[in-house]
Amino acid sequence: MEFHSKPGEYDPINYVPHTESHGTSELWKTFWLLLGITILDFVIYFVMGPSGMRNFIFIFFGLVKAYYIVGAFMHMKYERINLALIILVPTIFIIGLIMGLLYEGNAIGLIK
Amino acid sequence: MDFLVFIPLFRRVVIIPLMANQQAAAFEKQPMWSGGRSPFNVSYGKLMMWIFLLSDAFTFSSLLVQYGAQRFSNAESAITTKWPDPASIFNHFPFMHGFHLPLLFVSVMTFILIASSVTMVLAVEAGHRKSKKEVQKYMLYTIVGGAAFLGCQAWEWATFIHEGARLDSNMFGITEQGYKHLASVSFGDHFEWEPGDRTWGPVPFAALFFIVTGFHGFHVFSGVVINVVVYIMTIRGVFDRRGHYEMIEKAGLYWHFVDLVWVFVFTFFYLI
């Protein structure tokens, strides 16, 4: 079925919102930030010995990088709040999966 | 789902008063779901791209969580199941054969991907200004960056296979002697495995490395193909005729997602 709308009427299939450039300064700032965190990862890997604290720092840095990639590069900061919620809220289930499977894996490791 | 009624309330009471842009705040106040407008204020294609990326995020997280579960389920006591230290495996750099340079090559790969991500977002920004020349330039940079990343990954795989990793076996069970040998070298020293340093190690380590980086590499490959298609469309002036450069944004979303996944692959396979 083809959808036809009258001229001047809202057309859900072909609707494209008007977008404006926010300039490039924020993008370059994000780039330097991501690069800095990656270099920091590299440095911490050699400065600190393997430990739970170091793993925590790496995961925390990963989440910071994810925030900046999604927020600035993928433009999520400028999207409407309801779009951000339908995309970001379901990822809560991943945390449940991580906790469940790490617990199970640990239990299997103890039996081995 | 009764608690969902708090979302519009939250929007009204917290979000809209905090919005700095008056025009955007006025837009938020219009009724959302009574028809005649796009409730998410995005195009159909971009909304579907976001939903696809959400499902892809679940795919990659299931693979990475499987890696975590396998790692936790392998006992530390036996050599055949003890998870190897990534610094002892990924310590090669092109044209620097035989030197102990852990993490350096993957950091370069990460840099390439972040750089290609920023050129992609610059292409999107140029698309907002409808500047065809700049979009072309930045799309070309992005394609080159993606191809460079794929080349790096091919080299990484070739080295790993050459060192003795397969989908069904793994030559990285590092013995006591091997760990002593590793501890004796520092960054940039000459290093070669000696007989007795290694034996058969945990199979899931190599298998999951190939599966997860392979799956990610296939995503990068698809991203490069999409970018090439969009680049050709830009050259042919398709978007000028259409009146907007929305397609660059959709390709960009996919490309940034590939970068996002790499952040976590880098963290879990190489750092931890």
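**Two helices of chain B**

Begin by selecting α3(B) and α9(B), where α3(B) passes α9(B) in a right-handed crossing (the near helix is turned clockwise from the far one by less than a right angle). This is a predicted model, in which local features need pLDDT of at least 70, side-chain atom pairs count only at pLDDT 80 or more, and totals for chains, interfaces and linings use all residues. Residues are numbered from 1 along each chain as its sequence is written, and chains are lettered from A and ligands numbered from 1 in the order in which they are written. Helices are DSSP runs of H or I with at least four residues, numbered from the N terminus.

The axes of α3(B), residues 44–73, and α9(B) come within 10 Å and cross at roughly 15°, so the two helices are roughly parallel, a term for angles under 35 degrees. The axes are lines fitted to C-alpha atoms over the stretch in contact, with angles from 0 to 180 degrees between N-to-C directions. Among the residues that meet here are W50(B) and F60(B) of α3(B), and Y254(B) and F264(B) of α9(B); contact means C-beta atoms, placed from the backbone, within 7 Å.

Next, select α5(B), residues 132–162, whose 31 residues should span 45 Å at 1.5 Å a residue, which agrees with end C-alpha atoms 45 Å apart (the expected span is 1.5 Å times one less than the number of residues). Its buried residues include Y138(B) and F149(B), where buried means that 20 or more other C-beta atoms, placed from the backbone, lie within 10 Å of the residue's own. Just after α5(B), G164(B) takes a positive phi of about 115°.

Terms used:
A residue is buried if 20 or more other C-beta atoms lie within 10 Å of its own, exposed if 12 or fewer, and partly exposed in between; C-beta atoms are placed from the backbone. Angles under 35 degrees count as roughly parallel, over 145 as roughly antiparallel, 65 to 115 as roughly perpendicular and the rest as oblique. Two residues are in contact if their C-beta atoms, placed from the backbone, lie within 7 Å.
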